[in-house]
Amino acid sequence: MTSENPKITISYFPIGGRAEPIRLACAVSKIPFTNKVMSFPEFKEAKSTLPLGQLPILELDYGETKKTLTQSTAMLRWIGKIGGLYPKDDDVTAMEIDEILTVLDDLREPLVLTVRGKVKALLSDDTEFTGEEKLAIRERWMKNTLPRFLGFIEKKLTTNEGSKWIVGNDISIADLALYCELEWISGGILDGIPTSVLDTYPACLTLMENVKTNERIKSWKDKYSKPYSNFDYEP
């Protein structure tokens with residue numbers, strides 16, 4: 001490990017979640033890192049010691065010094081920069097990638113609310129959503145939010161002619177983030193949202209297939225499966 005190449009540790013739950021685009025960016029860029037898994041009981045115990053009391057965190061070990069950082073999008077951009085998946089000196093392309101990342105934030109927000117619940121979202125002191133309320137929010141999300149934001153992304157993909165990717169001609173962190181988001185949305189784990197929810201977004205489905213069949217992503221998925229364990233990723 002050196003000042004230019006610190007040892008990287010990514011700590012998160014054994015699921016994909018907010019850490020998955022970061023892991024996949026490391027896989028595509030062939031960046032070694034340690035995957036450190038924290039169970040939900042372990043997280044509860046360690047929460048007060050974590051920056052902002054949340055995961056993922058990224059630790060950089062420079063030998064004599066160490067840094068611990070939070071916020072998954074910041075981590076993804078940094079991995080993207082050192083791995084060639086996010087430009088260092090092309091501000092317009094960087095802005096186009098950031099546009100997709102923030103659109104995904106808007107797409108995700110109502111769904112995350114139904115997962116987090118009223119108390120964590122500060123909408124109530126002690127009352128959570130009923131099952132019926134969650135389903136109603138998700139139904140409105142499919143009717144209003146999904147067409148607005150995923151329709152925007154679908155158009156971006158179809159107008160980027162001659163490319164397999166959403167920005168430019170090369171895979172970027174925007175593609176990886178989009179892939180992970182769509183995999184979550186259509187994975188059948190959210191009650192009320194069918195696995196066919198993306199059927200009217202063919203360009204998005206094609207993007208997912210392009211990411212999934214990327215040689216380095218395929219190698220990653222062949223080697224590591226969820227729930228994740230602790231491991232050292234060595235390209």
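1. Start with the contact between α6 and α7. On the α6 side, Asp175, Leu176, Leu178, Tyr179, Leu182 and Glu183 take part; they meet Cys204, Leu207, Met208, Val211 and Lys212 of α7. By class, this contact of α6 with α7 has 8 nonpolar and 3 charged residues, and no polar ones. Please keep in mind that the model is predicted.

2. Next, the geometry of that pair. Two packed helices are described by the angle between their axes and the distance between the axes. Helix α6 covers residues 173-185 and helix α7 residues 202-212; their axes come within 9 Å and cross at roughly 110°. That angle makes α6 roughly perpendicular to α7, because 65 to 115 degrees counts as such. The crossing in which α6 passes α7 is left-handed.

3. Helix α4 spans residues 91-116, and its axis comes within 10 Å of that of α6, with a crossing angle of roughly 20°. The two helices are therefore roughly parallel. Here too the handedness is given: α4 passes α6 in a left-handed crossing.

4. Which residues of α4 and α6 meet? From α4 come Ile97, Ile100, Leu101, Leu104, Leu107, Arg108, Leu111, Val112 and Val115. From α6 come Ile173, Ala174, Ala177, Leu178, Glu181, Trp184 and Ile185. The contact of α4 with α6 divides into 14 nonpolar and 2 charged residues, with no polar ones. Leu178 is listed in the contact with α4 and also in the contact with α7.

5. Is Arg108 buried or exposed? Its relative accessibility is 13%, so Arg108 counts as buried, the limit being under 20%. Leaving aside neighbours within four places in sequence, Arg108 is in contact with Arg18, Glu181 and Trp184. Glu181 and Trp184 are among the α6 residues that meet α4.

6. Now the sheet. It is open, has 5 strands in the order β4-β3-β1-β2-β5, and its pairing is mixed. Strands β4 (66-70) and β5 (231-233) are the edges, each pairing on one side only. Direction ignored, neighbouring strands are turned by 20° against each other on average.

7. Phe33 has Tyr233 in β5 as its bridge partner.

8. Leu58 sits in strand β3, residues 57-61. With a relative accessible area of 2%, Leu58 is buried. Not counting residues up to four places away in sequence, Leu58 touches Ile8, Thr9, Ile10, Lys67, Thr68, Leu69, Met75 and Trp78. Gly17 is 41 residues from Leu58 along the chain, and their C-alpha atoms are separated by 15 Å.

9. Finally, helix α1, residues 20-29. How many of its residues are buried? The count is 10 of 10, and the helix is mostly covered. Just after α1, Lys30 takes a positive phi of about 60°.

How values were computed:
Residues are numbered from 1 along each chain as its sequence is written. This is a predicted model: local features need pLDDT of at least 70, side-chain atom pairs count only at pLDDT 80 or more; totals for chains, interfaces and linings use all residues. Side-chain values use heavy atoms; hydrogens and water are left out. Axes are lines fitted to C-alpha atoms, for helices over the stretch in contact, and angles run from 0 to 180 degrees between N-to-C directions. Helices (H or I, at least four residues) and strands (E, at least two) are DSSP runs, numbered from the N terminus. Angles under 35 degrees count as roughly parallel, over 145 as roughly antiparallel, 65 to 115 as roughly perpendicular and the rest as oblique. A crossing is left-handed if the near helix is turned anticlockwise from the far one by less than a right angle, and right-handed if clockwise. Contact means heavy atoms within 4.5 Å. Ala, Val, Leu, Ile, Met, Phe, Trp, Tyr, Cys and Pro count as nonpolar, Asp, Glu, Lys and Arg as charged, and the others, Gly among them, as polar. Two strands pair if DSSP finds at least two bridges between them. Buried means under 20% relative accessible area, exposed over 50%, partly exposed in between (1.4 Å probe, protein chains only).
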